Amino acid sequence: MNTEDTAAPEEVHDFIRDRVRGDLANGTVDHLATRFPPEPNGYLHIGHAKSICLNFGVAQEFGGHCNLRFDDTNPAKEDQEFIDAIQADVKWLDVGWDGDVKYTSDNFEKLYEWAEHLIGKGLAYIEDLSADEMREYRGTLTEPGRESPSRSRSVDENLDLFRRMRAGEFEDGARVLRARIDMAAGNINLRDPVLYRIVRAPHPRTGDAWCIYPTYDFAHGQTDAMEGVTHSLCTLEFEDHRPLYDWLIENLPVPARPRQYEFSRLNMTHSILSKRLLTQLVADGHVAGWDDPRMPTVSGLRRRGVPASAIRDFISRLSISKNEGTVEAAMLEHCIRDPLNDSALRRMGVLRPLKVVIENYPEGQIEEVDAVNNPRDETAGTRKVPFCREIYVERDDFMEDAPKKFFRLSLGREVRLRAAYFVTCTDVIKDDAGEVIELRCTYDPETRGGDSPDGRKVKGTLHWVSAQHAVEAEVRLYNPLFADENPGAAEDFVSALNPDSLEVLTGCKLEPVLADIPAGEVVQFERLGYFCTDPDATAENPVFNRTVGLRDSFAKAMAKK
RNA sequence: UGGGGCGUAGCCAAGUGGUAAGGCAACGGGUUUUGAUCCCGUCAUGCGCAGGUUCGAUCCCUGCCGCCCCAGCCA
């Protein structure tokens, strides 16, 4: 028996899991429930993936349950498209979601009832002040606010006005319901925060049943309580809201006592993880859509070929803390290559073709050489690759005045063609402009398969594709959307966009089996990187995306010079 | 100048009153029919700074400094 297979998975430790463990051990809670509560006003990005992995992960680890709950309290911004896309992303991430969906809007009636309850206790009132006036009354960070004249209204009058708000008697923005807490509180969230506002916009779930909607603050904790959520995990910017969260829970007849814990959100170099800014990129056409492979969205990463397991692994290496930092994108890249290195079938594709004629190879002859599909996995077997007199190699694999350390083709140098033969460059053909347009080589028939019987060694092995059998394709190379490490610091993030984030290569030459690659499968183009087909591909025009390049220490060394 | 947080290597981080895990990156070496992978090694006399308590402090105390969040009828 393999002990590795039976070893218990190691306990994950971070301040939240330690807290959960403690609460469960000392009886503070008798079960564990979390929730992932996206607002359906955009697509999920990798920062959300952190929250998803945390919430679903904790639930799974401690025998609890995690709800996917749409926080749909603002119909002015939300849309069914996002509800659908978010579900598809969560499902794809494969974090143990059971398919059950909850909505804050499921509880609108109960929330309304509790708002009346608060009014009845004298803890909430209808505000007549305009938004601007309220801002004035609120004070500043260093000065206390002033109490509004509306604050002294009677319970009956408040109740009456609130019911009339619901009935649609007032214009949007005419009045709001506020909590009556403390206009002088140092924490501005406690200066009589808004609980309900009038919004006439069709709601994706409730249509026009309501014209008043609860704010996040009023809805979130109470919905947690109704769903039996024990640990409500959110990001640091909500830390200031916790006293309000607690105040509402304490003053309402809720069936449970959820607690909020805050962790730091994910930041990553060369990208922007703000739904507002990502929305702008999409709306203004700077990218092709939410699932543009350059986007840090879950759907963008998926389209690019990133395995869900890579995202989960990436998140698990981050750990949960309250430190605000920025993870290097290289970390994600490593996590993407890691599983692909094990699973991806090796193929050959020439991105920037340079024709090579093997002069001593019989005209019209075609051979099929055996190539290993995956050196990391013997069961992946081998495949036949056609070889003939004319082939393509990568332009970068030839250099005229090559330095000694250039282990590739140059006049007079011998290299190995992967799985085929040793070839030696005998002539370089140029066009009138002096551009190299073709290489003439000779091959050594004794080296079939890639080894020389005389023990002769070559330093370089090149990928190649038979000219006669090549599949022509378009290949899209992706570079960071932002060249700068920290685009968020730019005065205008749009101007920080990397003009070279997308490189489209046409006329690429791929080995024949690539014509039949299934959608969604990621293969390695040897020596280049990992690639998969893009949904834009058609039978006439295959399109491949580069998921991520291979590490390239040679290029790195050259760049240093 | 109000309130709430955070400061351990280039990055993400664990950690304990007893002498600083791990991962990524980087660098050096070995293997290699992918300049990939894989393997081996190096990488904090130091835990924001300054005092104090203590036999001993990254961990306790005090005072500073730096960074982040909050003045939506967004979430």
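Which residue forms a salt bridge with Asp397? In this predicted model, local features need pLDDT of at least 70 and side-chain atom pairs count only at pLDDT 80 or more, while totals for chains, interfaces and linings use all residues. Residues are numbered from 1 along each chain as its sequence is written, chains are lettered from A and ligands numbered from 1 in the order in which they are written, and side-chain values use heavy atoms, with hydrogens and water left out.

The partner is Arg527, with the closest N and O atoms 2.2 Å apart. A salt bridge here is a side-chain nitrogen of Lys or Arg within 4 Å of a carboxyl oxygen of Asp or Glu. The pair links distant parts of the chain, 130 residues apart. Arg527 sits in the loop between β23 (523-525) and β24, Asp397 in the loop between β15 (390-394) and β16 (414-417). Strands (E, at least two residues) and helices (H or I, at least four) are DSSP runs, numbered from the N terminus. Asp397 is buried at 2% relative accessibility; Arg527, at 34%, is partly exposed. Buried means under 20% relative accessible area, exposed over 50%, and partly exposed in between (1.4 Å probe, protein chains only).

The structure holds 54 salt bridges. One of them joins Asp536 and Arg303 (3.3 Å, N to O). Asp536 lies in the loop between β24 (529-533) and β25 (543-549) and Arg303 in helix α11 (residues 298-304), so the pair ties together parts 233 residues apart in sequence. Arg303 is buried at 16%, whereas Asp536 is partly exposed at 40%. A network of salt bridges links Asp291, Arg303, Glu474, Arg476, Asp534 and Asp536.
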